[in-house]
Amino acid sequence: MDKASTKEIEARFDNDVATFSNLSTGQSALIDAPLLLEVTTEAARRIAPNASRLLDIGCGAGNFTLKMLEKLPNVHCTLVDLSARMLERAVERVSQVSQADVEAIHGDLRTVELPTGSFDIILAGAVLHHLRTDDDWQSTFRRLYSLLRPGGCLLVSDLVLQDVPELNKYAWERFAAHLDDLGGEAYRKEHLKAVEREDTPRSLLYQLRLMLRVGFAQVDVIHKNACFASFCGIK
């Protein structure tokens, strides 16, 4: 199956804003969605308790930033998303609770203009799995590293593969069962079809090794369940 283009992915998310505009259920298709929001943002708070600038790439409707603001209400927020409608909704929601400035940038995280060495925290919630080639993955991680201040952290919460085929099969069986529980067979088939069409996830180990390769001083796993993981890199 041919993978969806960036424009096609943008169009789908433009039409799916309502689904993602709920802090509790906006990412329910992810296994452990509420827990991933909590532990990812709490890890960021503990690594960078004095953070003043936050970058949320692929911010969607703003769920990760909203959870982060519960812990660091005074952080300046820069929100980036491919979908203009998602970004508009994120800004609306984040501006209602933020005690600092909120900046919105519409576009592809790989090419939008961002200040080097400026951010204490970068959040990447369910976005990097849209990357395609190894070169794409490497250049993106290198760019994210360059955007951080020394001591800053990249927090990733995403769909991942397993390197061991038998474990990968098991993880995706668990994911399928989770989708069945959420919405039944039709929902599962529709969701997995979208994953096959749009996503090119890499394994957790692949991404941790890549983070070290581009310069991160420390990496660690925060949480993992089946094919979803939260992990971090510290500059």
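In strand β5, Ser157 is the bridge partner of Gly125. The strands concerned, β4 (residues 119-125) and β5 (residues 148-159), pair in the parallel sense over six bridges; two strands count as paired if DSSP finds at least two bridges between them. The model is a predicted one, in which local features need pLDDT of at least 70, side-chain atom pairs count only at pLDDT 80 or more, and totals for chains, interfaces and linings use all residues. Residues are numbered from 1 along each chain as its sequence is written, and side-chain values use heavy atoms, with hydrogens and water left out. Helices (H or I, at least four residues) and strands (E, at least two) are DSSP runs, numbered from the N terminus.

**The sheet**

- Seven strands make up an open sheet with mixed pairing, in the order β3-β2-β1-β4-β5-β7-β6.
- The edges are held by β3 (102-106) and β6 (218-225), each with a single partner strand, so one side of each is left without a neighbour in the sheet.
- On average, neighbouring strands of this sheet are turned by 15° against each other, direction ignored.
- Helix α3 (residues 33-47) packs on the sheet and touches β4, β5, β6 and β7 (228-234), where contact means heavy atoms within 4.5 Å.
- The direction of α3 makes about 170° with that of β5; axes are lines fitted to C-alpha atoms, for helices over the stretch in contact, and angles run from 0 to 180 degrees between N-to-C directions.
- Strands of a sheet pair through backbone hydrogen bonds, either parallel or antiparallel.

- Strands β6 and β7 run antiparallel and are joined by seven bridges.
- In β7, Phe228 is the bridge partner of Asn225.
- The hairpin has two residues between its strands, and Ala226 takes a positive phi near 55° there.
- Ala226 is a residue other than glycine, and its relative accessible area of 11% makes it buried. Buried means under 20% relative accessible area, exposed over 50%, and partly exposed in between (1.4 Å probe, protein chains only).

**Loops around Gln27 and Ala126**

- Gln27 lies in the loop between α2 (17-20) and α3, and is buried with a relative accessible area of 13%.
- Ala126 is located in the loop between β4 and α6 (134-147), and counts as partly exposed at 23% relative accessibility.
- Although Ala126 is not a glycine, it has a positive phi of about 50°.
- From C-alpha to C-alpha, Gln27 and Ala126 are 9.0 Å apart in space, while 99 residues separate them in sequence.

**Helix α5**

- Helix α5 (residues 84-97) has 14 residues and reaches 21 Å from its first C-alpha to its last, close to the 20 Å expected at 1.5 Å a residue; the expected span is 1.5 Å times one less than the number of residues.
- Its buried residues are Met86, Leu87, Ala90, Arg93 and Val94.
- Seen down the axis of α5, the buried residues fall within an arc of 135°, so they line one face of the helix; the arc is that of the directions from the helix axis to the C-beta atoms.
- Glu88 and Gln96 are exposed residues on the face of α5 turned away from its buried side.

**Salt bridges**

- The whole structure contains 13 salt bridges, each defined as a side-chain nitrogen of Lys or Arg within 4 Å of a carboxyl oxygen of Asp or Glu.
- In helix α3, Glu42 and Arg46 lie four residues apart, about one turn of the helix, and form a salt bridge with their closest N and O atoms 2.7 Å apart.
- Glu42 counts as buried at 15% relative accessibility, whereas Arg46 counts as exposed at 62%.
- A network of salt bridges links Glu38, Glu42, Arg45, Arg46 and Lys71.
- Asp108 and Arg110 meet through their side chains in a salt bridge of 2.6 Å, N to O; Asp108 is buried at 16% relative accessibility, and Arg110 is partly exposed at 32%.
- Glu185 and Lys189 form a salt bridge with their closest N and O atoms 2.9 Å apart, and are four residues apart in helix α7 (residues 165-198), about one helical turn.
- Glu185 is partly exposed with a relative accessible area of 46%, and Lys189 counts as partly exposed at 49%.
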